[in-house]
Amino acid sequence: RNCCDDVKISRLAENFGMSEAHFIRSFKSYNGVTPRAYALMCRIEHAKMLLSSTDMRIGYIAEACGFSDALYFSRAFKKITGSSPRDYRRNFG
């Protein structure tokens with residue numbers, strides 16, 4: 001499923017017949033990260049692909065990857081990848 005969609009933990013837990021807390025614990029046990037962290041990493045991976053393969057403006061990429069705030073996108077991107085979206089594009093685009 002598209003990781004840029006806004007998926008609610010409560011809905012996922014309900015689909016699996018679990019409480020939210022149990023779902024989060026189970027997810028983290030299996031994947032090593034919480035569902036929220038996993039979704040963020042997926043969104044950043046999608047952004048990396050767009051940065052390296054398109055000439056879309058960074059603000060549009062942020063929005064396409066589910067970030068409503070370009071500054072938050074840039075900070076999250078740098079925290080996960082070690083470089084800003086602009087630097088990433090320069091190096092890998």
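Where does Ser83 lie? Ser83 is in the loop between helix H5 (70-81) and helix H6 (85-92), helices being DSSP runs of H or I with at least four residues, numbered from the N terminus. The model is predicted, with pLDDT of at least 70 needed for local features and 80 or more for side-chain atom pairs, while totals for chains, interfaces and linings use all residues. Residues are numbered from 1 along each chain as its sequence is written, and side-chain values use heavy atoms, without hydrogens and water.

Ser83 has a relative accessible area of 15% and is therefore buried (under 20%; exposed is over 50%, partly exposed in between; 1.4 Å probe, protein chains only). Beyond its neighbours within four places in sequence, Ser83 is in contact with Phe77, Lys78 and Tyr88, where contact means heavy atoms within 4.5 Å.

Phe77 and Tyr88 also belong to one aromatic cluster, together with Phe67, Tyr72, Phe73 and Phe92. Over the face of Phe67 lies Arg43, at 4.0 Å from the ring centre (the criterion is NZ of Lys or CZ of Arg within 6 Å of the ring centre and within 35 degrees of the ring normal).

The whole structure holds 8 aromatic pairs. In one of them, Phe16 and Phe23 are stacked, at 5.8 Å centre to centre and 25 degrees between the planes. Rings of Phe, Tyr and Trp (its six-membered ring) pair if their centres lie within 6.5 Å; planes under 30 degrees apart are stacked, over 60 edge-to-face, the rest tilted. Phe16 counts as exposed because its relative accessibility is 55%, whereas Phe23, at 7%, counts as buried.

Back in helix H5 is Ile80, which counts as partly exposed because its relative accessibility is 38%.

Conventions:
Helix = DSSP H or I, 4+ residues; strand = E, 2+ residues; numbered from the N terminus.
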